[in-house]
Amino acid sequence: MNEKKIIELKNVAKSYDGEIILDHINLDVHEKEFMTLLGPSGCGKTTTLRIIAGFVTPDTGDVVFDGVRINDIPAYKRHVNTVFQKYALFPHLNVYENIAFALRLNKVSEEEIFERVTEMLAMVNLRGFEKRDVNLLSGGQQQRVAIARALINKPKVLLLDEPLGALDLKLRKDMQNELKNIQRKTGITFIYVTHDQEEALSMSDTVVVMADGKIQQIGTPTDIYNEPENAFVADFIGESNIIDGIMLDDYKAKFSGHEFVCLDKGFEKNERVDVVVRPEDVDVVPPEKGMLTGVVTSVTFKGVHYEIIVNINNFKWMIQSTDYVEPNQKIGIYIEPDAIHIMKRSEYSGQFGDYSSFSDELDKLSDVTEEEE
Amino acid sequence: MKKSKIFGNIYTVLAFIFLYMPIAVLVIFSFNASDSTGNITGFSLKWYGELFSDAATLNALKNTLILAILSSIIATVIGTMASYGINKMQNKHIKSATMSVTKIPMINPEIVVGISMMLLFVFVGGIVGSQSSLGFGTVLIAHITFNLPYVILSVLPKFKQMDKSLPEAAQDLGCTPLQSFFKVELPAILPGVVSGLIMAFTLSLDDFVISYFTIGSGFETLPIRIYSMTKKRVTPDMYALSTLIFVSILVLLLISNLTSDKSREKMSKKAKKITKIVVGSLFGVIAAVTIVVFIVSASTETLTLNVYNWGEYISDGGEDTLDVNQKFEEYYEDWYFKKYNKRVKVNVNYTTYASNEDLYAKIKSGAADYDIIVPSDYMVERLKSEGLLQTIDLSKIPNYENISEQFRNPYYDNGKEKYSVMYTYGIVGIVYNKDKINDDDLAKIEAGEAGWELLWDEDYKGQILQFNNARDAFGVAMYSLGIDVNNATDAEWQKAYERLKEQKPLVQSYVMDEIFNKMEGGEAALAAYYAGDCLSMIERAAEAGVNLGFYYPKTNGKYVTNIFADAMCIPKSATNVELAHAYINYMLSEEPAVANAEYLYYGSPNKLVVNNGDYIDYLGDDYGVIYQEEFESQLDYMFETYAYRSLPDEKLKLQNNLWETLKVGSDSFDSGIYVICGVIAAVLIGFGVYCYIIKRKRRRLYWNTQKEASKK
Amino acid sequence: MTKKSFMQKAAAAPHVVWAVLFIIAPLIFVVYYAFTDKDGAFTFSNITELMQASYLEIFLRSLCFAFLATVICLIIAYPIAYFMAKAKPKTQKILIMLVMLPQWLNFLIRTYSWMALLEDTGIINSILGVFGIDPIHMINTSGAVILGMVYNYLPYMIIPLHSVISKIDPKLLEAAADLGCSPLKVITKVVLPLSVSGIISGVTMVFVPSISTFYISQKLGGGNFDLIGDTIERQFQTAYNYNLGAAMSFVLMLIIIVSMAIMNRYSGEDDGGVIV
C-alpha cells in the first residue's frame, strides 16, 4: 500500500434539518487503497461518499484531494467517479454509448473511444455486448457496465455506493472477486460503501466502521475482527458475546462470576470493561470440566456447525460448536486466554452481545430493512 | 445552483403571468361599472346582479350542466363495461383494433369530429325525413362519443393492474360472477371510474367545437352562448359568471389539494367512509335531480317556441329595457289560461345568427326546427321559392293592420298568400370615427357629398371594416361602381370582385356583429353597416368617449345604397305553428314594437310605432336620420332599385366562388412568418441530418475498427 | 364457461356498437361527402378545387402557424416543466393545478379577453401609453393568431413534459455530473434525450388543435388569416357546401397523419441517443 494520501477529510460535519448526519469526522485515504466504509443504514457512510464525490457540500471541515482543498469544486470537475447503488445507467444509450459517455464529453477521437471502450468491456467481461440495450441487461451485467463507465476516465479514486446490494448472493460473491481484481489491475483507489460486514472484511485493505455519524474504528479487516474497539464494532462485525466484566489486574479479568486469564493489559485495577468472546472460540466441555456452566436453551443446525444458546447466570451465550448437545442439557464451557478480548466501556456498552432475544428470523428481517434503505 | 433557482423562479412567474393575464382581465371587467372593455369607470357589483336576472344565460348554464352530467354518466357506464370486456378480450388483433378505434375521437381534430357527426346526423335525418336532424339528442350522442375514450383510458389500466385472481378468490368464497364484479372488482377499479367520470364531466362542460356542429335549435349551452356573444358584444355578466366559475373551481381544487395530503391520513376510517358516502350521494343527488328536472320539464305541458333571429335584434331586458320574449311568455300564459282555463308554460328559445347565409345553411340542411326566423328580403324570396317557408294565416294575426299599407306588399312577398311579416327596414350607411378621419373628408361628409370612395381611401389603410358576408360586401362594391346589384352580368360581378380585391389590403378585418366592439372601441375608422346598428353604435360609443358619426353615401348627388327589410317568417319545418302566429301577432302590438324600435334604431313598418310620441322623443335627432324624408318619399323606388333580390343559382354560385376566392387569397402575404418557419424547419432538418451523419460516421468507424481488430 | 365468455363479450358490445355508429360511420360520411357532389354523384372536383393556389395557401399558412405555435410552446414550456419537476412534491402539485386552472374557463372567453388586451386602444397599449411608449399594433396580425394558439395550448405542452421530466431518476443526473457533465450538458445529454416521449406527446397535443382551430384566427386575426378550420367552418355554417368542407376535413386528417408519422419516425430512430 502506498503511503501517499489521496483524499483527506478534515473535521467534516453535515446535518440536515438539525439532524446530525456526520459528526466531525477525520479520514485519510491513501493511494491504491481499497477502503470500505461499513456501518448500518443511517450511519453517514453514504453521505461521506457523496461529500467526496461532490454531490453534498459539508457544513464545516475540509475535503482535500491530492493536497488541494476541493470543497468548492463541483462534482463534474472532480477526478473522482462513482458507481451508483442502482447503477444509474442512461436508459437512452446502449452499452457502448454508456461507457463512452465521459469520453465523448472530452471530445476524444472516435478511434480512441473505440479502443478504450473495447478495453473496458474486456476488463468487465462484456465483449460483444456493445449494441445491447442497457435496460435489457441482467443486474450483474448492468453492474459491469456501470463499473466500466466509471473507470473509463481513469479516475484517481473510484467511489462505489453499495454496488452489489441489488444482486443475489452467488453473483455477489463473484463480483466481489472481480472488483478486487479490477482494483489490483488498475491500481485505482476504491472507496467502497456497504453494510455487509462479510463483504467488507473479504475485500478491503482498510475497513472504516461507522455508526451515528462517527467513525468507530479504522483498521485492517483482521484488526477490526480480532481487536474491536468497542461493543458496537464487536457486535457489528461477526457474532460476539459481550459480557460486563472487571479487569482485576493486567492479564486477569473477571466476568460471569469467574476469573479468567487473558492477554490484555494496561487497564486500571478493577476497571469495569466489556469482555468479548467470539462464539467459535468457546469450547463445550462436560459441566464438571467447565470454567462456567449453564443450561442449553436452544440448538440450531447450521450446516458446518451447531449454534447453541446457553444460559449462564441469566446471560445467554452463543456458542458455535461441531458437537451436538441436547436442549436443557447442562454443559460446561472452556475459554482459552487468547479468545478473550477486553474493551474499554463505551456508550454502546450493554446494548449488544446478549442473545436472550436472539432469533434467526429477526436477524434476517433487520437485514432486509437495511437493504431497503 | 442558486442563480439557476432564481432564474427558474422568475421564468416560472413570468409564465404564470402570461397564463393568467386574460383571466385577470375578465375578473377586473366583471367588477367594472361600465359595460365597455375600453374604459374602467369604477367598482361595481351590478353585473353579478344582472347575471342572476339573465334568464338566457342561466338557462344555458342549466343546459350545460344537464348535458355534462348525462353524457358523463352514460359514457362512464358504457366505458366501464367496455373496459371490462376489452380487458378480457383474448384476440390481440381485435383488442388493439378496438383500442385504436376508441382513441380516434381523442386524436382527431375536434372540428373533424364535429363535422363528421353532423354529416351523419344530417344524412340520416334526411333519409328518415325528420324535420330537424339536430337537437338535444345529437349533441348528447356527440358528447358521449368524445367522452368515451377518456373514460376507457382511465378505467382500463385499473382492470389491468387488478390482481387476476381477485375475482377467482371471490367466486371461490361463494360469489356469483355478478356479485364478484360488484363486490370485488368494482371497488378495485373505482378510482379509475371516478377519475374518468370527472374527466368526462369537465370535458363536456367545456366543449364548444363539437357542440357547435351538432347542436340543434332548441338547446343552447354556455359555450355556444358565449360564442354568439363574442360575435357581437360580450355582456359583462358573462365575465361575472366566468369569475364565479373560476373562483369556485379554484376553491374546490385548493380544498381537495390541501385535504388530500395530511388530513386524509389523519381521518379515521369511519370518517373516510362517511365522506365517501357523502360525496357519492351528493353527486348522485345532483344527477338524479337534474334527470328528474329534465324529465319533468319535458313531460309537463310546456310550449316551446324556437326563435332564430339576428344577433342583438330584439329588446332583451338589458339595462332597463323591456324583455320582449319574457313578456310574450307571460302574455301567452295568461291568454291561454283565460281561454282554456288551464295553466301552461311557455318557453321562448331565442338563438341568434350573424348573416342570412348562416340562416340559410341551417334551414337548408334540415338540421334544426325553428318556429320563427327573421331573414332579409332577398332571403325571404329565396327561402320561399325553395319551399322552405309556410304561408302565414293573417286571420290569426289581427295586429297585422298595424303594419302601414306601404309595407304590406313588399317586392319579395307580393303574392296573395303571405309568407312574411315585416319586422324592420333599414338602409346601409357608413359609420366613421370623427377623430380618425382627416378634415377634408370630414368637410365632405358634412356637406353631404361623401360617397363610397372613402372605403377605398389609402389614407385609412388598416382602418376600414368590411362586411363579412358575400351579398353585402359585393353590394357595397357594386353600388360604388354604379352596377345594378340585381342584374349584374358576369363581367360586372368580376369587376366588383376586382374592386373588393383592390380594397382588401386596406381592410382591417371582415366583420359582422364584431363591428360593434371595433367601432365603439375606436379600433377602426370607417365601416359600411346597417343604419340602425350604426346609430346604436354612436350612442354607446359616446358613453365610452369615442366620437362616431354616420352618413348615407351619395353618388352624383343621389343616394345609392342598399335598402333592406327583415321579416318574420315561419319555416316549413316549424313544430309550433300556432304559437308562432301568436308570437308574430304579439310583436306587432304597440308595447313590444315600440320597445324593439327603441332598442334597434331601425325603421319600423308599424304605424303605432312611427306615431308614438314617446318613441319620437326618445329618438330625437335620430328620428330624422332613420325616417329621412328623402327616402320616405321614394321608398317604393328605393326598394325597387336598391334592395337585394334573390339571385339565380348560377349568379349565386359565381358570387360564392368569387367571395371564397377573395377571402382565401391573401395579398398581405405575411412573408416574415414563412421565413421564420422555414428557418426553424431548416435548422431542425439540418440538426437531424447532422445527427444522422455523425451516427453513420460512428457506426462505420465502429465496424471498420472491429473488422481490423478481428483480423488482428 | 360459455356463459362467462358471453357475458364478457356482452360487456364490450355497447361500446363496440357505439364506436361503429358514431366514430367509424361519421368518418365514412366525411369521405363520402368529400368524393361526391351535391347530388351524391362520385366526383374528384372537391379535391381538385382544393388544389387552387388560394386553398393551398390556406393549408400552407395553417401548417406554418401551427408549426410555429408548437415550437414556441415547446420553447416556453420546457424550462417551466423542468423547473416544476425540480420543485418540492407539494409545490409541484400546486403548480400543476395552477397550470391547468385556466383551462377550466371556456377558451372562447379567454381568447376574447386577449382581444381586449391586444387592441390598438387595448389594455397593453394603454399601459404602454402611461410610460410614454407609442402604441404597438398587435391585433389582426399573424403574431396575434400564433399568440392565441400558444396561449390556449401551452398547458398541453407543459403537463406531459413535466410528467416525463419528473420521472427521470435524479441519480442519472448525478451520474452525468459525476462523469464530467456541466449543468448545461446534463440537460442536453441526459434530460433532453430522456424526455423525448414527453416532447412527442406535447407536440401532438399542441399541433393538432392548432392546425385545426377555427375561432382564434377569426378573433385575433380579424378574419385576415383564414386557416383550415375557418374555411371548413364556413363551408358548413355559411356557404352550405358540405362537400367542399368534407374534402378539406379529409385533407386535414391526411396532413395530421403524415405529420405525426414523420415526427414519430425521426424521433423514434434516435436509439443511439446522439443529441449533441
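This briefing walks through a predicted model with chains A, B and C, topic by topic. Being predicted, its local features need pLDDT of at least 70 and side-chain atom pairs count only at pLDDT 80 or more, while totals for chains, interfaces and linings use all residues. Residues are numbered from 1 along each chain as its sequence is written, with chains lettered from A and ligands numbered from 1 in the order in which they are written. The model scores ipTM 0.92 and pTM 0.85.

**Confidence in chain C**

- Chain C has a mean pLDDT of 87, and 93% of its residues reach at least 70; pLDDT is the predictor's confidence in each residue, on a scale from 0 to 100.
- Helices (H or I, at least four residues) and strands (E, at least two) are DSSP runs, numbered from the N terminus.
- Watch residues 269-276 of chain C, where pLDDT stays under 50 and the model has 14 contacts beyond four places in sequence. Two residues are in contact if their C-beta atoms, placed from the backbone, lie within 7 Å.
- Where pLDDT is low, the predicted coordinates should not be read in detail.

**Chain A overall**

- Chain A carries 9 helices and 20 strands, and its C-alpha atoms fill a box of roughly 80 × 45 × 40 Å along the principal axes.
- Of the 373 residues in chain A, 42% are buried. A residue is buried if 20 or more other C-beta atoms lie within 10 Å of its own, exposed if 12 or fewer, and partly exposed in between, with C-beta atoms placed from the backbone.
- Counting contacts in chain A with a separation of 6 or more, 68% link residues 24 or more positions apart.
- Chain A splits into domain 1 (5-226) and domain 2 (240-371), with 37 Å between their centres, taken over C-alpha atoms. Domain bounds come from an automatic or database domain assignment.

- Strand β1 (residues 5-16) of chain A pairs with strand β2 (residues 19-30) of chain A in the antiparallel sense, over 8 bridges. Two strands pair if DSSP finds at least two bridges between them.
- The hairpin of β1(A) and β2(A) has 2 residues between the strands, and A:Asp17 takes a positive phi there, near 50 degrees.
- β1(A) also runs antiparallel to strand β4 (residues 60-65) of chain A, joined by 5 bridges.
- A:Leu9 has a bridge partner in each neighbour: A:Leu27 in β2(A) and A:Val63 in β4(A).

**Where chain A meets chain C**

- On this interface, 21 residues of chain A are in contact with 17 residues of chain C.
- On the chain A side, β6 (80-83) and α2 (95-105) each supply at least two residues, and α2(A) gives the most, with 4.
- The chain A residues here divide into 12 nonpolar, 6 polar and 3 charged. Ala, Val, Leu, Ile, Met, Phe, Trp, Tyr, Cys and Pro count as nonpolar, Asp, Glu, Lys and Arg as charged, and the others, Gly among them, as polar.

**Chain B: domains and a parallel sheet**

- Chain B is divided into domain 1 (55-234), domain 2 (302-421 + 572-614) and domain 3 (673-712); the C-alpha centres of domains 1 and 3 lie 46 Å apart.
- An open sheet of 3 strands in chain B runs in the order β2-β1-β3, with parallel pairing. Its edge strands, β2 (345-353) and β3 (372-373), each pair on one side only.
- In chain B, β1 (residues 302-310) and β2 are joined by 9 bridges, with B:Leu303 partnered by B:Val346.

**Chain B: two covered helices**

- α14(B) has 8 of its 9 residues buried. Its cover includes β1, β2, β3, α15 (377-385) and α17 of chain B, plus α12 (228-237) of chain C.
- B:Gly366 follows α14(B) and has a positive phi, near 70 degrees.
- α17(B) is largely enclosed by the rest of the structure, because 11 of its 12 residues are buried.
- The buried residues of α17(B) pack against α14 (356-364), β5 (464-467), α18 (490-503), β7 (526-530) and α28 (649-664) of chain B.
- After α17(B) comes B:Gly482, with a positive phi near 75 degrees.
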